[in-house]
Amino acid sequence: MSLSGKVAIVTGSGRGLGLAYARELARQGAAVVINDVDADVAADAVRTIESDGGRAVAVVAPVGSTEVAKQLVQEAVQTFGRLDILVTNAGILRDRSLLKMTDEDFDLVINVHLKGTFTCAREAFGYFKENGIAGRIITIGSPTGQRGNFGQTNYAAAKAGIVGMVRTWALEMKKAGVTVNTVIPVAATAMTKTVPYFQKAVEADERGEAMPAFFRHELGFGTADDVAGLIAFLASDAAAGITGQVIGAGGDRLQLWTHPEAAATEYREGGWGYEDLVDNFDALFGNKLQSVGEEFLPLPEDLKPEPAQAR
């Protein structure tokens, strides 16, 4: 099912995952608005898509403000005549543990990831509703937003917040026929290149070789292109009935994440006072407490990082 005639905005699409998403949308027939803060990078991305036979234009601006969100939508409409698809991929990292994280570290990440998703989605939805377009909004989450990760208070808050917004928007946008979903990518990026655990997978990818099956299958870890197909699918008419969902993609794996549900429920007539909780909480819930963070499987011997690079 082609995206021919559709127009997409992909924020943060000058390189990496965002560029992979933009290229796949273009391969399926959509015209694409590229967005990056680096003019040279954005121009290279446009040339790449055009060399693939697609159509693209660049907006060089940092995502976050309402002004930039308006600029992106205006560029899509002025250059290609309409807007059908928004992918909110733009993001930055400022990783530090809680006591070392500054206000600036927190605010910068929240502004780009969370506020940038909010302002761009609001602007796109306004255009969709005003013009009677059953548009597609695809936000980008992270396993960190689902499970937490050491040193990423700001990033975890932003990515968890995006999922919360998507659940709300799915309700608000339903009548207009607009769908909104979150994709959780698990792929080789600039960040994963610095993690020794993924060394062998990243090295294989950089050599142009297939990643070892352990990474692709057991861990669901792959390339940016492994995620791009899901982005294009959710942007298509084939996904018209899918909204408010959180879907993970990486390597050979596709995952549908559950929404939070109560893990256990107990009742006590009159409610639960302090003494009641002291006396009963452990017996009722002690073996049902939820884990946090991700636990990776032990690496096979031949896939362990080289000693000089191991932690």
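**Notes on a predicted model**

1. Helix α1 is followed by Gly29, a residue whose phi is positive, near 115 degrees. Please keep in mind, here and in the points below, that this is a predicted model.

2. Nine of the 12 residues of α1 are buried, so the helix is largely enclosed by the rest of the structure. Among the buried residues are Leu17, Leu19, Tyr21 and Leu25, and Glu24 is also one of them.

3. The strands of the open sheet, eight in number, follow the order β3-β2-β1-β4-β5-β6-β7-β8, and their pairing is mixed. Because β3 (56–60) and β8 stand at the edges with a single partner strand each, one side of each is left without a neighbour in the sheet. From one strand to the next, the twist averages 20 degrees.

4. Within this sheet, strand β6 (residues 179–185) pairs with strand β7 (residues 246–250) in the parallel sense, over four bridges. Pro185 stands opposite Ala249, which belongs to β7.

5. On the surface, a nonpolar patch is formed by Trp272, Leu277, Phe281 and Leu289, which together have about 380 Å² of accessible area. Trp272 itself is found in the loop between β8 (253–256) and α10 (274–285).

Definitions and conventions. Residues are numbered from 1 along each chain as its sequence is written. This is a predicted model: local features need pLDDT of at least 70, side-chain atom pairs count only at pLDDT 80 or more; totals for chains, interfaces and linings use all residues. Side-chain values use heavy atoms; hydrogens and water are left out. Buried means under 20% relative accessible area, exposed over 50%, partly exposed in between (1.4 Å probe, protein chains only). Helices (H or I, at least four residues) and strands (E, at least two) are DSSP runs, numbered from the N terminus. Patches are made of residues with over 30% relative accessible area and no salt bridge: like charges are joined within 9 Å, nonpolar side chains (Val, Leu, Ile, Met, Phe, Trp, Tyr) within 5 Å. Accessible areas come from the Shrake-Rupley method with a 1.4 Å probe; for residues, only the protein chains shown count as cover. A salt bridge is a side-chain nitrogen of Lys or Arg within 4 Å of a carboxyl oxygen of Asp or Glu. Two strands pair if DSSP finds at least two bridges between them. Axes are lines fitted to C-alpha atoms, for helices over the stretch in contact, and angles run from 0 to 180 degrees between N-to-C directions.
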